[in-house]
Amino acid sequence: MTPVLILALLTGAILFGVGIYGALSQTNLVMIMMGVELILAGALVNLVAFWRFLHPEVYAGQMFVLVVMTVMAVEMAVGFGVAIARFRAKGSVEMEEAGDLKG
Amino acid sequence: MVVQAFFVGVFGLAAIGFGVAVFRTASMVRSALALLFSQAAVGCMFLAMQAEFLGVLQIMMMATEMSIMAIFMVMFMMDPGGLGGMDMSHQKRFSIGAGAIAAATAISVALFSDWGPIVAEAPDAAMQTRELGFEMLGRSMLVFETAAITILTAMIAATAVAIPVRQPGVDTGKLDKGNGDKEQEASK
């Protein structure tokens with residue numbers, strides 16, 4: 001067991017936990033997106049560590065990293081689109097005020 | 001391997017430290033910058049793990065993404081500098097518990113799993129980039145094309161959501177009037 005792999009996995013795990021805290025605790029839409037970005041960053045660290053230390057000859061691991069980076073970009077684009085629409089409609093991106101779809 | 005462990009550890013600590021700083025400052029701009037530094041530290045971890053192409057890509061992408069995020073913060077927030085010290089969080093205890101449980105679960109999986117034999121040497125940067133190119137345009141072509149179409153769809157969808165809905169006789173595109181002004185106008 002290499003300490004570098006474990007170090008990277010621990011970093012990914014803690015980033016994941018910090019991201020979960022941020023996504024659940026923040027009331028601002030952009031801050032929630034920041035939490036999600038940290039969660040995905042944790043996943044990226046794990047993926048690169050698995051590729052590097054377990055299967056460096058299989059480049060599907062790096063391809064998977066590119067897919068997660070795509071998800072990050074898509075999340076940002078759609079999130080900001082929703083934020084702009086919300087700001088236009090209500091003048092705020094505070095999610096505590098967004099109860100429009102409650103039954 | 002010791003030098004690699006040192007740099008992975010240092011950049012990992014930096015990524016975590018800046019990640020925590022994102023939610024500990026009242027200033028939205030500082031939050032965006034802290035996230036930028038955290039993501040850049042993650043990119044440096046990739047470099048330390050000899051994934052050069054991915055490291056450079058991560059740093060470049062996140063520098064752009066977080067700069068845009070900082071601009072949006074200034075646009076959307078009443079107090080982007082955090083001078084008022086406004087608290088924008090809720091359900092803190094539940095969030096801390098959920099984050100701690102998630103991190104503890106992932107840490108225990110990392111520590112107690114048998115990951116198998118470790119490969120000491122990685123291919124050099126030129127070989128990695130070449131092989132990744134063959135992977136993207138060979139076996140993973142469908143995944144690569146799907147990711148490209150997904151980004152294009154998201155760009156179109158985000159633009160469609162963001163542009164104001166135009167209805168005959170109703171001007172919904174102006175932002176210069178707040179709700180208070182509109183109410184005053186209605187009362188007149």
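Buried means under 20% relative accessible area, exposed means over 50%, and partly exposed lies in between, with a 1.4 Å probe and the protein chains only. The views below show a predicted model, in which local features need pLDDT of at least 70, side-chain atom pairs count only at pLDDT 80 or more, and totals for chains, interfaces and linings use all residues. Residues are numbered from 1 along each chain as its sequence is written, chains are lettered from A and ligands numbered from 1 in the order in which they are written, and side-chain values use heavy atoms, with hydrogens and water left out.

View 1. Phe6(B) sits in helix H1 (residues 2–22) of chain B, where helices (H or I, at least four residues) and strands (E, at least two) are DSSP runs numbered from the N terminus. With a relative accessibility of 53%, Phe6(B) counts as exposed, whereas Phe7(B), at 37%, is partly exposed. Rings of Phe, Tyr and Trp (its six-membered ring) pair if their centres lie within 6.5 Å, and planes under 30 degrees apart count as stacked, over 60 as edge-to-face and the rest as tilted. The ring centres of Phe6(B) and Phe7(B) are 5.3 Å apart and their planes stand at 75 degrees, so this pair is edge-to-face. Ring pairs join Phe6(B), Phe7(B) and Phe11(B) in a cluster.

**View 2. A nonpolar surface patch in chain B.** Patches are made of residues with over 30% relative accessible area and no salt bridge, like charges being joined within 9 Å and nonpolar side chains (Val, Leu, Ile, Met, Phe, Trp, Tyr) within 5 Å. Here the patch consists of Val3(B), Phe6(B), Phe7(B) and Val10(B), which together have about 380 Å² of accessible area, a value from the Shrake-Rupley method with a 1.4 Å probe, in which, for residues, only the protein chains shown count as cover.

**View 3. An aromatic pair between chains A and B.** Over all chains, the count comes to six aromatic pairs. In the pair of Phe50(A) and Trp115(B), the ring centres lie 5.0 Å apart with the planes at 45 degrees, so the pair is tilted. Phe50(A) belongs to helix H2 (residues 29–53) of chain A, while Trp115(B) lies in the loop between helix H4 (92–112) and helix H5 (125–136) of chain B, and the pair thus crosses between chains. Phe50(A) is partly exposed at 25%, and Trp115(B) is partly exposed at 24%.

View 4. A salt bridge is a side-chain nitrogen of Lys or Arg within 4 Å of a carboxyl oxygen of Asp or Glu, and the count is two over all chains. Side chains of opposite charge can pair when their charged atoms come close. Glu131(B) and Arg130(B) meet at 3.3 Å, N to O; Glu131(B) is partly exposed at 25%, as is Arg130(B) at 47%. Arg139(B) bridges to Glu135(B), with the closest N and O atoms 3.5 Å apart, and here Arg139(B) is exposed at 66%, whereas Glu135(B) is buried at 10%.

**View 5. Two annotated spans of chain B.** An unreviewed UniProt entry places "transmembrane region" features at spans including residues 55–76 and 96–120 of chain B; such positions are given in the numbering used here, feature names are shortened, and annotations may be inferred rather than shown by experiment. Residues 55–76 of chain B are 100% helix and 0% strand, with end C-alpha atoms 31 Å apart, while residues 96–120 of chain B are 68% helix and 0% strand, with end C-alpha atoms 37 Å apart.
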